[in-house]
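Here is a short report on one protein model. Please keep the sequence and the 3D view at hand while reading.

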Amino acid sequence: MDPTTDNAGQSGDAGTARTALEALRAEIAKAVVGQDPAVTGLVVALLCRGHVLLEGVPGVAKTLLVRALASALELDTKRVQFTPDLMPSDVTGSLVYDTRTAEFSFQPGPVFTNLLLADEINRTPPKTQSSLLEAMEERQVTVDGTPRPLPEPFLVAATQNPVEYEGTYPLPEAQLDRFLLKLTIPLPSRQDEIDVLTRHASGFDPRDLRAAGVRPVAGPADLEAARAAVAKTTVSPEITAYVVDICRATRESPSLTLGVSPRGATALLATSRAWAWLTGRDYVIPDDVKALALPTLRHRLQLRPEAEMEGVTADSVINAILTHVPVPR
């Protein structure tokens, strides 16, 4: 999924921004081996002002991937390790009594950053998980009745272990729907794993990204220019209808108890536009929709228990729908 060189309809600022965002792949590859699809997904989320859920077994560099992205984008980042005893105020901040002034003052929590890494989000109970809902949707935090805006850009990159792992709490459907994308981080191939071990044998330290050579190659100005260009990307009525037909087909699938909501359809349209722009076009084609359907929709579906027992997955349902829904010409 490499971008083309066709810059039709793009301004100089937009072209520069695309080049800068594409450079992220090479920069992040200095620290993370073989995760190009996940890097692309994170860039798409930034362009759409959305949030990302990264799922994979422990030890596949989910945390390192987000840290490398923040370093390559020159964004402020904070990390929260979600544990069973974590409280909502540990994420959002709280009022602290100042003995000198005899007044309460607000102490911002780690959510006040550009890129919040919510590590192992499903290891904390739903009450604390839900503390992120307002931040993700409204981009603000309300404490003691006072709303406080979050910095811009703001993105939550949450990692989670597969739900069958011990000590995990499933994310509520309402919170899952707030994530723009769900990216799966697979175990590396044999050659990629050899490359990882070779780097470590050569002295690579994942805690020191500067020493690994990761440098800022893009910034907030590039994101703003890119977002403006994405907003001008043309979507034909036929493509809009195609997105709607895909999402409506999920609501009629016999394998599902919950299909994609209109919010999910809006998300698929947005991610398709971002991907079209990243690949060098100022219009969306059906292949853009197909390319983003899995990461945009998989976490918005709920399988019937009997379908799960038969080995049906959200991905297989979406792939079947993409095969059967007529593609506009």
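The model is predicted.

Five strands make up an open sheet, with parallel pairing and the order 2-5-8-1-9. Strand 2 (77–81) and strand 9 (181–184) are the edge strands. Each has a single partner strand, so one side of each lacks a neighbour in the sheet. On average, neighbouring strands are turned by 20° against each other, direction ignored.

Inside this order, strand 1 (residues 52–55) pairs with strand 8 (residues 155–160). Helix 2 (residues 36–48) lies across strand 1, strand 8 and strand 9. Its direction is at about 170° to strand 9.

**The hairpin**

Strand 3 (residues 93–98) and strand 4 (residues 103–108) form a hairpin, with 4 residues between them. In the turn, Ala102 has a positive phi of about 60°. Val96 has Ser105 of strand 4 as its bridge partner. Strands of a sheet pair through backbone hydrogen bonds, in either the parallel or the antiparallel sense. The table sets out the two strand pairs described here.

| Strand pair | Sense | Bridges |
|---|---|---|
| Strand 3 (residues 93–98) and strand 4 (residues 103–108) | antiparallel | 6 bridges |

**Helix 11 and Thr271**

Helix 11 (residues 262–278) contains 17 residues. From first to last C-alpha, helix 11 reaches 25 Å, close to the 24 Å expected at 1.5 Å a residue. Its buried residues include Gly264, Leu268, Thr271, Trp275 and Leu278. In an α-helix, residues three or four places apart point the same way, because there are 3.6 residues a turn. Gly280 follows helix 11 and has a positive phi, near 95°.

Thr271 sits in helix 11. Why does Thr271 count as buried? Its relative accessible area is 0%, and buried means under 20%. The side chain of Thr271 reaches the backbone oxygen of Leu268 at 3.1 Å. Leaving aside neighbours within four places in sequence, Thr271 is in contact with Val44, Cys48, Leu180, Leu181, Leu292 and Thr296.

**The nonpolar cores**

Which residues have the most contacts inside the largest nonpolar core? They are Leu21, Ile28, Leu47 and Trp277, in a core of 74 residues. Helix 2 gives the largest share of this core, 9 residues. Ile28 touches Val39, Leu65, Ala68, Leu69 and Ala72, not counting residues up to four places away in sequence. A second, separate core has 23 residues, among them Ala118, Leu132, Phe154 and Val156.

**Asp205**

Asp205 lies in the loop between helix 8 (190–201) and helix 9 (220–231). Is Asp205 buried, exposed or partly exposed? Asp205 is partly exposed, with a relative accessible area of 29%. That class runs between the 20% limit for buried and the 50% limit for exposed. The side chain of Asp205 reaches the backbone nitrogen of Arg207 at 3.0 Å. Asp205 and Ala31 are 174 residues apart in sequence. In space, Asp205 and Ala31 are 9.0 Å apart, C-alpha to C-alpha.

How values were computed: Residues are numbered from 1 along each chain as its sequence is written. This is a predicted model: local features need pLDDT of at least 70, side-chain atom pairs count only at pLDDT 80 or more; totals for chains, interfaces and linings use all residues. Side-chain values use heavy atoms; hydrogens and water are left out. Two strands pair if DSSP finds at least two bridges between them. Helices (H or I, at least four residues) and strands (E, at least two) are DSSP runs, numbered from the N terminus. Axes are lines fitted to C-alpha atoms, for helices over the stretch in contact, and angles run from 0 to 180 degrees between N-to-C directions. Contact means heavy atoms within 4.5 Å. The expected span of a helix is 1.5 Å times one less than its number of residues. Buried means under 20% relative accessible area, exposed over 50%, partly exposed in between (1.4 Å probe, protein chains only). A nonpolar core is a set of buried Ala, Val, Leu, Ile, Met, Phe, Trp, Tyr and Cys residues joined through side-chain atoms within 4.5 Å. A polar contact is a pair of N or O atoms within 3.5 Å; within protein, one must be able to donate a hydrogen and the other to accept it, and residues adjacent in sequence count only if both atoms are side-chain atoms.
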